[in-house]
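Me: I've got a structure open here. Can you walk me through it?

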Amino acid sequence: MGDALRKEVTMAKKIRFGVQTAPQNTTWQDLRETWKLIDSLGYDTAWTFDHFFAILSDPSGPCFEGWMSLAALAAETTRVQAGVLVSGNTYRHPAVLAKMGATLDHTSGGRLIMGIGAGWFEDEHAAYGIPFYTTAERIRRLDEAVEIIKRLWSEKQVTFEGKYYQLRDAYCEPKPVQQPRPPIMIGGAGEKLTLRVVAKHADQWNTFGPPAVFRHKLKVLGEHCADVGRNLDEIEVSWAGAAAVTDSKELREAIVNGMAKAFGRPVEEIEPGLLVGSAAEVRERIERLVEVGVTHFIMIANTPFNHDSLRRFAEEVMPSFRT
């Protein structure tokens with residue numbers, strides 16, 4: 001699909017906004033208050049993450065488990081769709097994860113998005129004694145896992161004989177509230193293997209970076225979609241990254257420098273992929289991403305949660321993209 005046609009198709013889609021609150025280095029009260037604020041401000045989605053100790057910071061700091069947090073935080077809201085951005089497939093058997101997801105879809109009134117990825121944090125696996133496998137095996141396991149989840153959510157009984165997972169006459173009752181099933185978001189950007197899994201299974205795809213990255217990755221994803229007989233337009237494309245509406249040069253530099261340090265990359269490489277600056281600057285950056293095919297923007301809110309920025313984003317940025 002050419003850029004002009006992709007822009008036309010994308011502009012016809014609903015532009016959505018979400019917030020990921022990393023459940024680390026914070027208190028439960030702060031998380032509850034932030035999720036209630038997100039819900040009240042009109043964001044479309046809200047997310048936790050899937051780590052067992054703090055990442056990109058002091059690993060001995062406090063960190064709440066992602067799925068338990070999600071269940072409790074979803075109960076504090078009434079409107080936003082909710083998910084884990086994204087669940088590490090290596091951490092739970094996919095049949096168990098399917099059951100967890102189906103249950104949460106009921107407790108939330110049909111608001112689950114099943115976020116899932118291959119898993120990446122090797123230190124965490126080593127600390128907990130969880131096998132890490134090679135990159136290729138983790139992605140092949142993800143492929144089988146998503147197929148299992150989809151089948152358990154749609155079939156009365158499932159028998160599955162895969163290379164990595166086996167099920168025999170397995171049930172998942174009750175089925176999720178959402179029909180035919182909750183949407184599945186797959187996170188990751190590996191072009192040879194991960195994007196093929198996205199093409200086969202995903203309703204939503206998430207990664208990070210500037211417009212040039214999305215333009216290239218979407219070309220590759222479109223080729224995988226053609227190979228497996230899917231239309232690329234069936235997949236919602238989402239961006240995740242640091243975002244803040246601020247007129248403070250000092251705060252802007254602190255966020256950009258902090259992200260560059262956390263990921264060990266030059267500021268010049270990191271900065272174009274962030275939504276940080278004045279409301280006008282953030283709107284312009286979103287427009288550039290929309291032009292290449294992104295329609296869902298997920299702000300990563302690190303602690304301390306900046307409620308003023310969340311409000312300004314909702315009031316000064318989001319209305320420009322609502323139809």
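**Quick tour of the fold**

Me: What's the accessible surface of the protein chain, and what share belongs to carbon and sulfur atoms?
Reply: This is a predicted model. Its accessible surface is about 14,100 Å². Carbon and sulfur atoms hold 54% of that.

Me: How many helices and strands?
Reply: The protein chain has 12 helices and 12 strands.

Me: What does the radius of gyration say?
Reply: It is 19 Å. A compact globule of 323 residues would come out near 20 Å, so the value agrees with one. The C-alpha atoms fill a box of roughly 60 × 45 × 35 Å along the principal axes.

Me: And how much is buried?
Reply: Buried residues make up 55% of the 323.

Me: Which contacts join residues at least 24 apart, as a share?
Reply: Counting contacts between residues at least 6 apart in sequence, 73% do.

Me: Now helix 6. What span should it have?
Reply: Helix 6 covers residues 135–154. At 1.5 Å a residue, its 20 residues should span 28 Å. The end C-alpha atoms are 29 Å apart, which agrees.

Me: Last one, Thr246. Where is it?
Reply: Thr246 sits in the loop between strand 10 (236–245) and helix 9 (249–263).

Me: Is Thr246 buried or exposed, and why?
Reply: Buried, because its relative accessible area is 10%, and the cut-off is under 20%.

Me: What does it touch?
Reply: Beyond neighbours within four places in sequence, Thr246 contacts Leu251, Arg252, Gly277, Ser278 and Arg312.

Methods:
Residues are numbered from 1 along each chain as its sequence is written. This is a predicted model: local features need pLDDT of at least 70, side-chain atom pairs count only at pLDDT 80 or more; totals for chains, interfaces and linings use all residues. Side-chain values use heavy atoms; hydrogens and water are left out. Helices (H or I, at least four residues) and strands (E, at least two) are DSSP runs, numbered from the N terminus. The radius of gyration is taken over C-alpha atoms; the globule rule is 2.2 Å times the number of residues to the power 0.38. Buried means under 20% relative accessible area, exposed over 50%, partly exposed in between (1.4 Å probe, protein chains only). Contact means heavy atoms within 4.5 Å. Accessible areas come from the Shrake-Rupley method with a 1.4 Å probe; for residues, only the protein chains shown count as cover. The expected span of a helix is 1.5 Å times one less than its number of residues.
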